[in-house]
Amino acid sequence: MSAPDVHDFIQQNRALADKVETYRGYWESEKHWEPRREFILRNINDFEDRQVDHLLSLSMVWANHVFLGCRYSTELLEKVKEMAEGIVVEDAPVFKTRDEIMKNQQGR
């Protein structure tokens, strides 16, 4: 979904959008919340009501990876990246591993 598509979806599904809005953490900026909200909206129909906590956990894993550079198991990252396919995050930070930094330092 592009930003206009998300906006249209929210307008057409007000009750669901209002419910999803309650999942926003008080610490989340608009820059972090909008892509995570899109992640949740894209995937919420694949989870039953009793599984929503699992979806929210996956959305936090994805957001933490994208915005904070957190690392998780390969299997988990593949799953959340697949779930997030097509979500555009503007000005996402770029992280380097310690090994990448050390390799660059040794090349000098």
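Before reading any packing angle, I noted how axes work here: they are lines fitted to C-alpha atoms, for helices over the stretch in contact, and angles run from 0 to 180 degrees between N-to-C directions. I also kept in mind that this is a predicted model.

**Entry 1: α2 and α3.** I looked up this pair and found an angle of about 125°, with the axes 11 Å apart. Angles of 65 to 115 degrees count as roughly perpendicular and those over 145 as roughly antiparallel, so α2 is oblique to α3. The crossing of the two is right-handed. On the α2 side I found Leu16, Val20 and Glu21, which meet Trp33, Arg37, Ile40 and Leu41 of α3.

**Entry 2: α3 and α4.** From α3, the contact is made by Lys31, His32, Pro35, Arg36, Phe39, Ile40 and Asn43. The α4 residues in this contact include Leu55, Trp62 and Phe67.

**Entry 3: Arg36.** Is this arginine buried or exposed? I looked, and Arg36 counts as buried because its relative accessibility is 2%, where the cut-off is under 20%. It belongs to helix α3, residues 30–43. Leaving out residues up to four places away in sequence, Arg36 touches Tyr23, Arg24, Gly25, Glu28, Leu56, Ser59, Met60, Trp62 and Ala63.

**Entry 4: α4 itself.** I followed α4 from end to end: 17 residues, reaching 23 Å from first C-alpha to last, close to the 24 Å expected at 1.5 Å a residue. Its buried residues include Val52, Leu56, Ser59, Val61, Ala63 and Val66. What covers the buried residues of α4 includes α3 and α5. After the helix comes Gly69, with a positive phi near 80°.

**Entry 5: the core.** Which residues have the most contacts inside the largest nonpolar core? I wrote down Phe39, Ile40, Leu55, Trp62 and Val80, in a core of 23 residues. The elements giving it two or more residues are α2 (14–21), α3, α4 (52–68) and α5 (74–83). The largest share, 9 residues, comes from α4. Last, I checked Val80: beyond four places away in sequence, this valine touches Phe39, Leu58, Val61 and Trp62.

Notes. Residues numbered from 1 in each chain as written. Predicted model: local features only at pLDDT ≥ 70, side-chain atom pairs only at ≥ 80, totals over all residues. Heavy atoms only, no water. Helix = DSSP H or I, 4+ residues; strand = E, 2+ residues; numbered from the N terminus. Buried < 20%, exposed > 50% of the residue type's maximum accessible area, 1.4 Å probe, protein only. Contact = heavy atoms within 4.5 Å. Core = buried A, V, L, I, M, F, W, Y, C linked by side-chain atoms within 4.5 Å. Expected span 1.5 Å × (residues − 1). Parallel < 35°, antiparallel > 145°, perpendicular 65-115°, else oblique. Left-handed = near helix turned anticlockwise from the far one by under 90°.
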